Number of protein chains: 2
Amino acid sequence: MSDCQIFEAGDVVLQSGLTYRKAQLAYKTYGTLNADKSNVIVYPTSYGAQHGDTEWLIAPDRILDPTKYFIIIPNQFGNGLSSSPSNTPPPYDRGRYPQFTMTDQVRIQQRLLREIFGIAKVALVYGFSMGAQQAYHWGALFPDMVERIAPVCGSARTTPHNFVFLEGVKAALTADQAWQDGWFATPPVRGKRAMARVYAGWGLSQAFYREELWRKLGYSSLEDFLIVDWEGGFARDANDLLAMLWTWQQADISANELYGGNLKKALGAIRAQALVMPGETDLYFTVEDNRREVAQMPRAELRPIPSIWGHRAGNPKTNPEDFAFLQKSVRELLAQPALRG
Amino acid sequence: MSDCQIFEAGDVVLQSGLTYRKAQLAYKTYGTLNADKSNVIVYPTSYGAQHGDTEWLIAPDRILDPTKYFIIIPNQFGNGLSSSPSNTPPPYDRGRYPQFTMTDQVRIQQRLLREIFGIAKVALVYGFSMGAQQAYHWGALFPDMVERIAPVCGSARTTPHNFVFLEGVKAALTADQAWQDGWFATPPVRGKRAMARVYAGWGLSQAFYREELWRKLGYSSLEDFLIVDWEGGFARDANDLLAMLWTWQQADISANELYGGNLKKALGAIRAQALVMPGETDLYFTVEDNRREVAQMPRAELRPIPSIWGHRAGNPKTNPEDFAFLQKSVRELLAQPALRG
């Protein structure tokens, strides 16, 4: 944790009614906050990721430019750096971990910006997958603070199908015998491998596998790809992985006292200029779901990524075409004037 | 097994080189074989199904009419009625079960027709899912014998993505601690539930869940649907379920000495009039995959089922629109003259 900072959020009353005491939000910043604090980009993390996994797109020649912007990555709760099952002391340890909704998460992120940096305006919230869901939450929870959002391969509310996909992932992980009394006391080797194989079918498109695009990633066979990329990819603590799944499954910008579960109202309240970029072949965050959201948002454009990389179209570390698409799109979004007043 | 017959196939040399001794193919017939044996329909079984699960569509007012046709359902090997892990004696018991490829399976089915009934022509092979794959195999392995095929939600060869989807199902099932030494010595309760939840996301479309079509099936909530329909749906022996997955993963009409792995050649050899009916929203047997196959087949029409029921569009027991589509399509196919000579 040496390369990031900790925001001591104190005793946080969660939506569940439980209090997480001495909550810690781990974050990292890139670039310099300018004098009028107008160059802020918030870049939340995706499922299983820590800032070190996602900061690759921060560079002058990449998607978020730290020579112009002050970029903050808040690590989501549950990811092992911020408060998570793996670092929570008794009596909220083991199966007692108090879950953070995405609303809980984003409200603490907003406190970080306000209390530590005195930031009142955010030029952009950019996020991929669960990060995109957090971008939507920023827009709905702080409509007067957020000027632009770029949700990439995400949604304002987790759809029922997406929920079911995650049920499968969760069931595979917890089929392991290490799952006892709502907790993994030992690492579930079989469960994590099963989870990875389940995820592999969802994470990329049918066409990706048909065209054997894993070859472009340097794998020697399909099985090599499944073992190294997928089984090797879920490095986090299994209890932490479950906590993040819970947050994902419950994600809903309207599930709070502001909107009372009225998604249309919550979408309509987003004042930010939104550039919503689903992957055309994403199997769980679909274009159609974003299309329905964008229709309810006052200042939103739907711009699907034309790609057969499935969900990974939105995380194009090894994919120059999708990278270029995102880079160009984000630059255009940042060039648009912010809504004032 | 009282309501079906057994074809004693004897000692069968499988593609693997192993011999399955005293192989038994369980089958059931419906209707009457006519004098010139020209009214034969073969209707193979789908994943996990036995004839009792699939015979619902055999009736004068349904899809296959037993007052006109002599319909044979051959139970696939591994389904618990035909030779399967659950009924195979030593030394091929437990983890030693000799797997049947789909080519092995269909060749034994053909022997049943020839040796027991003296049948030389098949008017139609109709099948759903793995049954559709068997229909393709019939067409490619016995091109002079099969007049028509109607593969519904299936493919000539299991695609790489479909293979990966099944890897997830398999990994979820075998994450259970009951999986030891390549065998389930006791029923894997967690594993089967996990398998069911993984499958649930794949078996229906994103739109099915968005529109909550499970309500039409009489379920009171999404969770009720997942528990009763999915967890309750995988009733077969877990070792049998794995054997059928193996057959599915390896399915390939060209993986035999006739075609040497050349799929284009195998597809081109199918002389049957083919009506290929994928579900428009099927997530693992996709329209695009069938489109590529049909382009290589001399007498084939692609006719996607316009449905948001995903893979279940092809098994429309509770879905009048898709049922009507299939019924009409199969009647049209049967009305087409067979290729002669």
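Start with B:Asp181, which sits in the loop between β7 (179-180) and β8 (183-184) of chain B. Keep in mind that this is a predicted model. Check the backbone here: B:Asp181 isn't a glycine, yet its phi is positive, at about 55 degrees. Most residues other than glycine have a negative phi, and most peptide bonds are trans. Is B:Asp181 buried or exposed? It is exposed, with a relative accessible area of 77%.

## Another positive phi, in chain A

Now jump to A:Glu212, in the loop between α6 (206-210) and α7 of chain A. Its phi is near 55 degrees, again a positive value in a residue other than glycine. With a relative accessibility of 30%, A:Glu212 counts as partly exposed.

## Two cis peptide bonds

Select A:Pro90 and A:Pro91 and look at the bond between them: the peptide is cis, with omega near 0 degrees. A:Pro91 belongs to the loop between β4 (70-74) and α2 (102-117) of chain A. Then switch to chain B, where a cis peptide bond joins B:Pro90 and B:Pro91, with omega about 0 degrees. Here B:Pro91 is in the loop between β4 (70-74) and α2 (102-117) of chain B.

## Where two helices cross

Next, show helix α5 (residues 189-203) and helix α7 (residues 222-231), both of chain A. At what angle do their axes cross? Roughly 110 degrees, and the axes come within 9 Å. Angles from 65 to 115 degrees count as roughly perpendicular, so that's the description for α5(A) and α7(A).

- from α5(A): A:Arg193, A:Ala196, A:Arg197, A:Tyr199, A:Ala200 and A:Gly203
- from α7(A): A:Glu223, A:Leu226, A:Ile227, A:Trp230 and A:Glu231

Color them by type and you get six nonpolar, one polar and four charged residues in the contact of α5(A) with α7(A).

## Into the core

Time to go inside. In soluble globular proteins, nonpolar side chains tend to be buried together. The largest nonpolar core here has 137 residues. Which of them touch the most other members? Select A:Leu64, A:Tyr126, B:Leu64, B:Tyr126 and B:Phe225.

Zoom in on A:Tyr126. At 1% relative accessibility, A:Tyr126 counts as buried. Leaving out residues up to four places away in sequence, A:Tyr126 touches A:Val42, A:Tyr43, A:Pro44, A:Leu57, A:Ile63, A:Leu64, A:Ala150, A:Val152, A:Leu326 and A:Val330.

## Ring on ring

A:Tyr43 is in the loop between β3 (40-42) and α1 (51-54) of chain A, while A:Tyr126 is in strand β5 (residues 124-128) of chain A, so the pair ties together parts that are 83 residues apart in sequence. A:Tyr43 is buried too, at 4% relative accessibility.

For the last stop, pick A:Trp248 and A:Tyr284. Their ring centres lie 5.8 Å apart with the planes at 50 degrees, so this pair is tilted. It links distant parts of the chain, 36 residues apart: A:Trp248 in helix α8 (residues 238-250) of chain A, and A:Tyr284 in the loop between β9 (273-276) and α10 (287-294) of chain A. Both A:Trp248 and A:Tyr284 are buried.

How values were computed: Residues are numbered from 1 along each chain as its sequence is written. Chains are lettered from A and ligands numbered from 1 in the order in which they are written. This is a predicted model: local features need pLDDT of at least 70, side-chain atom pairs count only at pLDDT 80 or more; totals for chains, interfaces and linings use all residues. Side-chain values use heavy atoms; hydrogens and water are left out. Axes are lines fitted to C-alpha atoms, for helices over the stretch in contact, and angles run from 0 to 180 degrees between N-to-C directions. Helices (H or I, at least four residues) and strands (E, at least two) are DSSP runs, numbered from the N terminus. Angles under 35 degrees count as roughly parallel, over 145 as roughly antiparallel, 65 to 115 as roughly perpendicular and the rest as oblique. Contact means heavy atoms within 4.5 Å. Ala, Val, Leu, Ile, Met, Phe, Trp, Tyr, Cys and Pro count as nonpolar, Asp, Glu, Lys and Arg as charged, and the others, Gly among them, as polar. A nonpolar core is a set of buried Ala, Val, Leu, Ile, Met, Phe, Trp, Tyr and Cys residues joined through side-chain atoms within 4.5 Å. Buried means under 20% relative accessible area, exposed over 50%, partly exposed in between (1.4 Å probe, protein chains only). Rings of Phe, Tyr and Trp (its six-membered ring) pair if their centres lie within 6.5 Å; planes under 30 degrees apart count as stacked, over 60 as edge-to-face and the rest as tilted.
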